[in-house]
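Please look over the sequence and the fold shown here.

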Amino acid sequence: MKVVIMAGGKGTRISSMAADIPKPMIRIADKPVLEHQVNHLKEQGLTDIILITGHLGKIIQDYFGDGSKWGVSISYYQEEEPLGTAGALYYFKDVLKEDFLLMNGDLVADIDFARFIHFHREKGAQATLFTHPNHHPYDSALIVADKEGKVTRWIHKEEKRTRYKNRVNAGIHILSPILLENIKKPEKLDLDRDILKPLVKQDVVYAYNSPEYVKDMGTPERYQMVCEDYEKGKIAARNLSREQKAVFLDRDGTLNKYIGFLTRPEQLQLLDGVAEAVKRINESGYLAIVVTNQPVVARGDCSLEELEEIHNQLETELGNNGAYVDDIFFCPHHPDKGFEGERPEYKIDCECRKPKPGMLQKAAEKYHIDLKNSYMVGDSMRDVQAGLAAGCHAVYVGKEDNFKRSGAAQDVEIYPDLLSFVKEKII
């Protein structure tokens, strides 16, 4: 697969640090960001690279040459005037004859491209966006997708949003050459707004959501963050080809106040310290994954669509505080029958309802999680038992007396709340 890297931006927000070089040539650990990208692509067999350069582009060409020093082949297109994030693709209609990878040149990333490419091909997509949660979704473009990953809505950062799933476009795409037919002439075009968003209604755009590390270093603050993450080894560790560690989180009573059966988004209220705790988990390198029993679906008290809105409320409140969860797994089942309005299809003895470990095992398979080096945190014996059954470290949050009265196993750690656990065990 050919790779196109958009390396022509001026980097006005970070110009105070590097006014005399192109933004992709800013160094992290003594190597330009763009060199880290080239090395990462080479490691995964992606060696046919096109660099679209602009501002001070000769510096990039002089540094990389034909790419042979890095074991890749590099060709160039130098913009004489800025053509946005898509306009220059007009010149490659005769070159890009198969699906290709397109990424921004200011990204610091370490992802398993094989997984990404497999997803794109499996879906038969014309465009697949690499999406992920981030710590500032309130001012980012949000991607709404169905359970199959098909994009149904694209919310730009200036558009109004109330509650949402924290799924942000990361600036890495796999595109079909069919899309180049929409570029009629070499003019300034925005890839997202002018090319991709109009295709959403055609059901050909998909979102590949991943917790892997992707950050732009376009501001001094973000640059400092990625430098620290690189030194700590966080960037490489999040590649899903490597084993991950996770903190599995119960929802009701652990993240939000327990009110019995929560059936409406406005009923959800985060417990004190939860946003800070989840943010610390995000910064630690552990995945933050919610696993929650939701018998309200089986009881007929809440539809799957209403439950999704409740979870969107959870993600919105966390996002407003700079925190996020990497995924949410829920069990809609309940084995007991005989309730008015119940939904028979969910009245089963399943493998996902805690205290069974099914949700944790499903998450482990999806994200390559090492369960024995992960934690299950919750406020009930069901959570503790599920964690132990999955092979995790089990953590009970709540009053110690309540836990002791339950007659629980002794190899369970007890903390008054989630933040207390995180401060001592995670970061």
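## Histidine 40

Set aside neighbours within four places in sequence, and histidine 40 is in contact with Ala109, Asp110, Ile111, Phe113 and Asn239. The model is predicted. Histidine 40 lies in helix α1, which covers residues 33-43. Is this histidine buried or exposed? Its relative accessibility is 8%. Histidine 40 therefore counts as buried, since that value falls under the 20% cut-off.

## The chain as a whole

The chain contains 13 helices and 19 strands. Its C-alpha atoms fill a box of roughly 70 × 45 × 35 Å along the principal axes. How does the radius of gyration compare with that of a compact globule? For 427 residues, such a globule would have a radius near 22 Å. The chain has 23 Å, which agrees.

Of the 427 residues, 54% count as buried. Take the contacts between residues at least 6 apart in sequence: 72% of them join residues at least 24 apart. The accessible surface comes to about 19200 Å², and 46% of it belongs to carbon and sulfur atoms. The chain carries 57 positive and 66 negative charges.

## The largest nonpolar core

The largest nonpolar core has 36 residues. Which of them touch the most other members? They are Val278, Leu318, Val377, Leu418 and Phe421. Several helices and strands supply at least two residues each. The helices are α7 (274-284), α8 (296-299), α9 (304-320) and α13 (418-425). The strands are β14 (246-249), β15 (287-293), β17 (375-378) and β18 (393-397). The largest share, 5 residues, comes from α7.

Not counting residues up to four places away in sequence, valine 377 touches Val247, Phe248, Leu249, Asp250, Thr254, Val395, Val397, Leu418 and Phe421.

## Threonine 254

One of the residues touching valine 377 is Thr254. Threonine 254 sits in the loop between β14 and α7. Its relative accessible area is 2%, so threonine 254 is buried. Beyond its neighbours within four places in sequence, threonine 254 is in contact with Leu271, Val274, Val377, Gly378, Asp379, Val397 and Leu418.

## Helix α10

Helix α10 spans residues 358-367. Which of its residues are buried? They are Gly358, Met359, Leu360, Ala363, Ala364 and Tyr367. These buried residues pack against strands β14, β15, β16 (327-331) and β17. They also pack against helix α11 (381-390). Histidine 368 follows α10. The phi of histidine 368 is positive, near 60 degrees.

Glycine 338 is in the loop between β16 and α10. Its relative accessibility is 68%, so glycine 338 counts as exposed. How many residues separate glycine 338 from isoleucine 328 in sequence? They are 10 residues apart in sequence and 29 Å apart in space, C-alpha to C-alpha.

Glutamate 317 belongs to helix α9. Apart from neighbours within four places in sequence, glutamate 317 is in contact with Leu268 and Leu270. Alanine 125 and glutamate 317 are 192 residues apart in sequence. In space, their C-alpha atoms are 32 Å apart.

Key:
Residues are numbered from 1 along each chain as its sequence is written. This is a predicted model: local features need pLDDT of at least 70, side-chain atom pairs count only at pLDDT 80 or more; totals for chains, interfaces and linings use all residues. Side-chain values use heavy atoms; hydrogens and water are left out. A nonpolar core is a set of buried Ala, Val, Leu, Ile, Met, Phe, Trp, Tyr and Cys residues joined through side-chain atoms within 4.5 Å. Buried means under 20% relative accessible area, exposed over 50%, partly exposed in between (1.4 Å probe, protein chains only). Helices (H or I, at least four residues) and strands (E, at least two) are DSSP runs, numbered from the N terminus. Contact means heavy atoms within 4.5 Å. The radius of gyration is taken over C-alpha atoms; the globule rule is 2.2 Å times the number of residues to the power 0.38. Accessible areas come from the Shrake-Rupley method with a 1.4 Å probe; for residues, only the protein chains shown count as cover. Lys and Arg count as positive and Asp and Glu as negative; His and the chain ends are not counted. The place of a charge is taken as NZ of Lys, CZ of Arg, CG of Asp or CD of Glu.
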